[in-house]
Amino acid sequence: SEYRLYYPSPCVAMDHAKEDDTVVIALKKDGSLLLITAERASSAERGLIHLFGSAESAWSLTSEKDVQNTATFDRRGILEKLGIFITQVSSTNYLEAIEENFGELSFPTTSEFSKLARELAPPLEDFSTADEALVSFYETETAMFYQLEEALIFPKIQAGFLSTEDFFRYSKSWSNRRKARAGTGLENHLEAIFRSRNLNFTREPRTEGKKKPDFIFPSISSYHDTSFSPTLLHMVACKTSAKDRWRQILSEAERISYKHLFTLESPISENQTTEMQDAHVQLVVPSQSHPLFTENQKRNLWDLEALLEFLKSSQ
């Protein structure tokens, strides 16, 4: 009348689990098992349900096509937290277009790379919302980057490394490049959408000292004009992942008491979103990721369209 699961001890996942926690047991394609536990009603549990489905509607991947269809940017983010990296995020080969535009397989400037990604993605007017367009642009650039990265790194891996230190130095440089390009690329696409809505802004200006917020609306000259009303000044910070880094934006523009944070990270715990509200930070997340948040969180959550409407009405 009941099933029992036996496992050897110690078992790290189960040793950390307690009554009422959610447990996911996934059979991987190599025949091994992936065992995941998450605290009940936590953001981690919401991520697992979003990824695998609830206990009532079990979800499985049976083919490479399924992987490509379901590994959207939000699901891929959850997988990466579990140590599973999907680098083949598109069936389209972008290497030919990259070589045709830049003359060789090498990394151009981030602005040029982002511009090409928007040209290769469906045009802005094809999307019903800015949220859909931004995610498409970001996904296209991510696919382009992974393919170019593979083409440039694999020959080096085949050739081998002179020492362990040589390997770590090389891998660290590429890891840093990947993180930096992801953040800058997201800013580039956000800027393009701001321009498409005819918004006035300054990107990465200096406010106080060496502080450089991502976007100031309507302009940095208005910000430094003491006669300009602070209620008409707005700041938008852009981060691929928020985590504890969101607190960095609090001191980036002293004249602006209520700041906006656009991020791709989801889900985010209720504790963190409550802290953001208390610190007068408006969280903005693509509408596609809103199902990952609780009903209570959604009451104070904006999508990109809401942010654009707010900024437009202010100007």
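**Helix packing notes**

I looked up helix 8 and helix 12 and noted that they are oblique to each other, oblique being what is left once angles under 35 degrees count as roughly parallel, over 145 as roughly antiparallel and 65 to 115 as roughly perpendicular. This is a predicted model, in which local features need pLDDT of at least 70 and side-chain atom pairs pLDDT 80 or more, while totals for chains, interfaces and linings use all residues. Residues are numbered from 1 along each chain as its sequence is written, and side-chain values use heavy atoms, without hydrogens and water.

The axes of helix 8 (residues 164-196) and helix 12 (residues 304-314) cross at roughly 50° and come within 11 Å. Axes are lines fitted to C-alpha atoms, for helices over the stretch in contact, with angles from 0 to 180 degrees between N-to-C directions. Helices are DSSP runs (H or I, at least four residues), numbered from the N terminus.

I then listed the contact (heavy atoms within 4.5 Å). Leu190, Ile193 and Phe194 of helix 8 meet Leu304, Leu308 and Leu311 of helix 12. I sorted these by class and found six nonpolar, no polar and no charged residues; Ala, Val, Leu, Ile, Met, Phe, Trp, Tyr, Cys and Pro count as nonpolar, Asp, Glu, Lys and Arg as charged, and the others, Gly among them, as polar.

Next I checked helix 6 (residues 110-120) against helix 7: their axes come within 8 Å and cross at roughly 115°. Their contact residues divide into eight nonpolar, three polar and two charged.

Terms used: Helix = DSSP H or I, 4+ residues; strand = E, 2+ residues; numbered from the N terminus.
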